[in-house]
Amino acid sequence: MALIEYREALNQALSEEIERDPNVVLIGEEVAQYNGAYKVTRGLWKKYGDRRVVDTPISEAAFVGMGIGASMMGLRPVIELMFWSFATVAYDQIVNNAGQIRFMSGGLINCPIVIRGPANGGTNVGATHSHTPENWMAAIPGLKVVSPSNGYDAKGLLKTAIRDNDPVMFMENTLLYGEKCEVPQEEYLIPLGKADFKRRGKDVSLIAHGRSVLIARKAAELLAAEHDIDAEVLDLRSIRPLDEEAILETVSKTHRVVLVDESKPFCGVSAQISTLIMEKAFDELDAPVRRVCSLDAPAIYSPGVEHLQLPTPDRVIQKVREIC
Amino acid sequence: MPLINMPKLSDTMTEGTIARWKKKKGDVIESGDVLAEIETDKATMEMEAFDDGILTEIFVPEGESAAVGTRIALILGEGESAETTEISQASPSSPTLPAATAAQKQKTPAPPPAAGERVKASPLAKKLAAERGVSLSGISGTGPGGRIVARDVHASATGPAAAPSPAAPLPVPKPGAGDQRLPVSNMRKVIAERLLASKTQIPHFYLSIEVDAAALSRVRKELNVANESAGLPKLTVNDFILLAVSRAVESHPAVNASWAGDAIIQYAGVHIAVAVSVEDGLLTPVLRDAQNLNLREISARVKDLAARARDKKLKPEEFQGGTITVSNLGAFGVGQFYAILNPPQAVILAIGAIVKKPVVNAAGEVVVGERMSIGLSGDHRVVDGAVAAQFLAALRRLLENPALLLF
């Protein structure tokens, strides 16, 4: 297996799906001639040409809407958002058109679109570019939300997302694009709604998605080395559908949970999981559920303190030690 | 040259009151000396010195409170001055985050909650306790804030004094149509918890002895005739039994005892707990120092205690501190029975009714006799069968020869 970057794993997924299905088309700002703002689509325009990789003007509402219309007509567009923060411009298209059309048409019209791009803070780009909108999207019945933490998962999940007949919001992370991991060259798929245990442990469950999985894994290493606490790390991979079974499994095993979630705590993904645990595994809890989220404020611009707003291994360790 | 800070003496303590300074300014202090008595939210505790020196300054006078971690006194060692100490004081004495976390890591168990106090336990701990039939009220919590967590339930179930956990949970009854679901009163809850703990954690053994009660009946009849004409209340059979028990216990102190883990406590006084049936349960008011009471005193006190028990007017000290229990179901016609021990006591007596039955007398003839059965349940950790048997034999001798009770 080759050791490749997260962005390259995404690139392989896109390339394989373009070759496999003539209906797959990439659309977005600078995805073609410029190779993508974060070089995820590098080389694809050159290889597959204008009909498969399409540059657009700076108008998210227009090109997301175009993609949704195209998907209703049978194409499988993959729309790149330079930042997921810009999805607000296209929110009506995503929520009311992509999200509702299958239900509103009585199942006659599908919307097999993927909207992808980075959704993270921590890069000193300010509050309007640093949103983590997993929860804004996952709150809408009809939308699926995926957030892979590493290149292997990213490739398998993106291929599945492209083949899915419902709109899938695919949330990446600019801080992960350069992270390397072993990714098979050949084809493989990872189902949506299937969480993955990144580390097995018995004392406490750290449940995370996206880059927070890395924070949780780092915290787990330190907890084992310095505090003799054996943490289990569950990577959700997909927020909706949510792998409730895996969550309940790990809660029933360790009886203690710390949720690590870069999205904001108020009505956040972690709030939803916490409720799920309360509703379905209350009697398994030996301690209250704790959360490590981004601090509940607009993203801090100053680089000196911005990293403190996001979950850190130290904050995870602190929460774990409160309940272990 | 330590500054003495207000120590954190309980997990929930945020401030303490200096109940008393045991040393005064200028006193020479040796490590281990008790400096002060500190009153916390839970108890008054002694605070020891950990260093030698002179008690140079007292910052918090008697009767005043201080937050945990704030300075309350200064002890200077040889060659130290207050100045050097002031510098060291610049480092914050209020608990910092790591210190607080470290303190939590020690997991000082909170004492078990008192009766009626809300039990703080995790959902898992509650589930485990229910499955094992363990009462949470006797368990010390080691979780944050003294919460009882799963490991505490495990520890209590595997502890040396605890009973092995039952293999399977008991079936939960399902009321059908017409069945009533009666909410459990606090008294019933306490009875349930204490007797479950007693029956599952104490190794009970049982003895019984039959007493020839003819003489006792005769004496009682004679005394009651006299009492009636004197306008005095009647004596009950139980009055005689309590008198005899107090005297028999006095000569057999081994049965007047409790198991204390690494020791057996043998009590100086004979404090007889008398089981009294009340609405929705039973109480055991205590006849204190029964060894010093005569028949008339016993009769009067028991009557008073029983009446106030039925009215729920007993003070706590009147139903606490019993050293042996007597339960008498004779009035209901019960011939013989055994009772569950009333912890921490080592013996409980179960008195049956006096019944007429054919007996073989000394001459080998079958005649009509008056017999009474006494059952004894004992804690085998404290009392062995032979010891309990000797006690029962002494008790029988007194009851069969009431004249001996005159001494």
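H255(A) sits in the loop between α9 and β13 (257-261) of chain A, where helices (H or I, at least four residues) and strands (E, at least two) are DSSP runs numbered from the N terminus. Phi of H255(A) is near 70 degrees, a positive value in a residue that isn't glycine. H255(A) counts as buried because 24 C-beta neighbours lie inside 10 Å; the cut-off for buried is 20 or more other C-beta atoms within 10 Å, exposed is 12 or fewer, and partly exposed is in between, with C-beta atoms placed from the backbone.

Keep in mind that this is a predicted model, in which local features need pLDDT of at least 70, side-chain atom pairs count only at pLDDT 80 or more, and totals for chains, interfaces and linings use all residues. Residues are numbered from 1 along each chain as its sequence is written, while chains are lettered from A and ligands numbered from 1 in the order in which they are written.

D228(A) also has a positive phi, about 55 degrees, without being a glycine. Its place is the loop between α8 and β11 (231-235) of chain A. Is D228(A) buried or exposed? D228(A) is exposed, since it has 9 other C-beta atoms within 10 Å.

Most residues other than glycine have a negative phi, and most peptide bonds are trans.

Helix α8 (residues 212-227) of chain A includes S212(A). S212(A) is buried because 32 other C-beta atoms lie within 10 Å. Leaving out residues up to four places away in sequence, S212(A) touches V260(A), D261(A), E262(A) and P311(A); a contact means C-beta atoms, placed from the backbone, within 7 Å. C293(A) is 81 residues from S212(A) in sequence, yet their C-alpha atoms are 9.2 Å apart.

As for the two chains together, 10 residues of chain A are in contact with 10 residues of chain B. The chain A side splits into 4 nonpolar, 1 polar and 5 charged residues, counting Ala, Val, Leu, Ile, Met, Phe, Trp, Tyr, Cys and Pro as nonpolar, Asp, Glu, Lys and Arg as charged, and the others, Gly among them, as polar. The model scores ipTM 0.71 and pTM 0.55.

Chain B averages a pLDDT of 85, with 87% of the residues at 70 or above; pLDDT is the predictor's confidence in each residue, from 0 to 100. Over residues 86-106 of chain B, pLDDT stays under 50, and the model has 12 contacts beyond four places in sequence for them.
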